[in-house]
Amino acid sequence: MVPPHVLDKLSHAEDPSLATPARRTLEHDALQRTRRRITTVRGVPAARAAAPSDKPERTIYDAERKTSLPGKKVRGEGGQASGDDSVNRAYDGLGATFELFLKAYGRRSIDDSGLPLNASVHYSEDYNNAFWDGEQMVFGDGDGEVFLDFTIPVDVMAHELTHGVTQYTANLEYFGQSGALNESLSDVFGSLVKQHVLGHTTEQADWLIGAGLLTDRVTGVALRSMKAPGTAYDDDVLGKDPQPGTMDDYVRTSRDNGGVHINSGIPNHAFYLAATALGGNAWERAGQIWFDVLTGGDLASDAEFADFAHLTVAAAHARYGEGEEQTAVQEAWAGVGITDLRARVGAR
């Protein structure tokens, strides 16, 4: 969830209470990102044979600040609330994500076959991140200096679980523009889960990713902004949010698997533009179009931004015809510098 450029900046801080947790987190995250990259090659486990349920199957574990997973089981599906707020937030967040995908798109869990949703809280010591490891969710408690408990923002949970949805569908390669699309899709559906929970329309939504995660000592409001990429934080320790909002500012780098967490600001902003142009509930028309592309089978694992843009225009046309939805999507991509999309409408 937390980009490596943020942790790298923290790891060079003079204050060891900032630098030490960041370094430990970076070392661990390097392994997780390697695993995410090879998922495209190895594929995913076969779906369960049993008929999927319309209800989630959640289990929450306490890692007890160790790195051995999953840890001690502390709450199962339908079980009583725990005295541990992290456990309860994880349980509720898994349920909220399951509910959006089921009610809005008819998808039954991550794999559409009722995959049980497991999560471990209190992972490691002062761990500044959360991740989907290909099988379950894992949450750190944060260092208390820069980051708070990673179960606090529901969009953090939904973001990571959407990596699982992508794993079971388009399986986008975690490098370059396809990797940035992978990250962007997680931000899109993470934001949609939060909006769904709060009942917010496109006008009411804050369009922030990770709001509530940063401590008061940080000059910033979130990890990323879909509305205004590059404005989520500007801090003397974290530095300035580097996300671009258009192709004019696309960042070419070999770091972070080709800038997957930085350049995701471009497709993020395109979704924001499309959703706000259409108005109402973003998980409906705009979210449906993005979901259709993610799960439709035409999105190549090495797709670039333009490929995804073409498919969203085609998906809008296929579902809604030549109307405001298609126009909103075309204009949204043009707004971030990706044009000439009309020619491929109908090629789907």
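Figure 1. Thr 59 stands opposite Gly 76 of strand E2. This close-up, like those that follow, is drawn from a predicted model. E1 and E2, the latter comprising residues 72-76, pair in the antiparallel sense over four bridges. E1 is also joined to strand E3 (residues 117-123), by five bridges, and these two strands run parallel. Within E3, Val 121 is the bridge partner of Asp 62.

**Figure 2. Burial of strand E1.** Strand E1 spans residues 58-62, and five of its five residues are buried, so the strand is largely enclosed by the rest of the structure. The cut-off for burial is a relative accessible area under 20%. Both faces of E1 are covered. Arg 58, Ile 60 and Asp 62 are buried on one side, and Thr 59 and Tyr 61 are buried on the other.

Figure 3. The strands form an open sheet in the order E2-E1-E3-E5-E4, with mixed pairing. Its edges are E2 and strand E4 (130-132), each of which pairs on one side only. From one strand to the next, the twist averages 20°. Helix H4, made up of residues 154-168, lies across E3, E4 and strand E5 (137-140). The helix runs at about 20° to E4.

**Figure 4. Surroundings of Arg 75.** Arg 75 has its place in strand E2. With a relative accessibility of 10%, Arg 75 counts as buried. When neighbours within four places in sequence are left aside, Arg 75 is in contact with Arg 58, Thr 59 and Ile 60, and also with Gln 80, Ala 81, Ser 82, Val 87, Asn 88 and Tyr 91. Phe 150 is 75 residues from Arg 75 along the chain, and the C-alpha atoms of the two are separated by 18 Å.

**Figure 5. Asp 216 and its separation from Arg 75.** Asp 216 is found in the loop between strand E6 (208-209) and strand E7 (224-225). Its relative accessible area is 82%, and Asp 216 is exposed; Arg 75, by contrast, counts as buried. Asp 216 and Arg 75 are 141 residues apart in sequence, and their C-alpha atoms are 31 Å apart in space.

**Figure 6. Packing of helix H3 with helix H5.** Two packed helices are described by the angle between their axes and the distance between the axes. For helix H3 (residues 85-105) and helix H5 (residues 176-198), the angle is about 90° and the axes are 9 Å apart. H3 and H5 are therefore roughly perpendicular to each other, since angles of 65 to 115 degrees fall in that class. On the H3 side, the contact is made by Ala 96, Thr 97, Glu 99, Leu 100, Phe 101 and Tyr 105. These residues meet Phe 189, Leu 192, Val 193, His 196 and Val 197 of H5. By residue type, the contact of H3 with H5 divides into eight nonpolar, two polar and one charged.

**Figure 7. The buried side of helix H1.** Helix H1 consists of residues 4-11, and its buried residues are Pro 4, Val 6, Leu 7, Leu 10 and Ser 11. These residues cover an arc of only 155° around the axis, which puts them on the same side of H1.

Figure 8. Most residues other than glycine have a negative phi, and most peptide bonds are trans. The peptide bond from Leu 69 to Pro 70 is cis, with omega near 10°. Pro 70 is found in the loop between E1 and E2. Trp 207, a residue other than glycine, has a positive phi, near 60°. Trp 207 lies in the loop between H5 and E6 and counts as buried at 1% relative accessibility. Asp 256 is not a glycine, yet its phi is positive, at about 50°. Asp 256 lies in helix H6 (residues 256-263). With a relative accessible area of 13%, Asp 256 is buried.

Note on methods: Residues numbered from 1 in each chain as written. Predicted model: local features only at pLDDT ≥ 70, side-chain atom pairs only at ≥ 80, totals over all residues. Heavy atoms only, no water. Buried < 20%, exposed > 50% of the residue type's maximum accessible area, 1.4 Å probe, protein only. Pairing = 2+ DSSP bridges. Axes fitted to C-alpha atoms, helices over the stretch in contact; angles between N-to-C directions. Parallel < 35°, antiparallel > 145°, perpendicular 65-115°, else oblique. Contact = heavy atoms within 4.5 Å. Nonpolar A, V, L, I, M, F, W, Y, C, P; charged D, E, K, R; others polar. Arc of directions from axis to C-beta.
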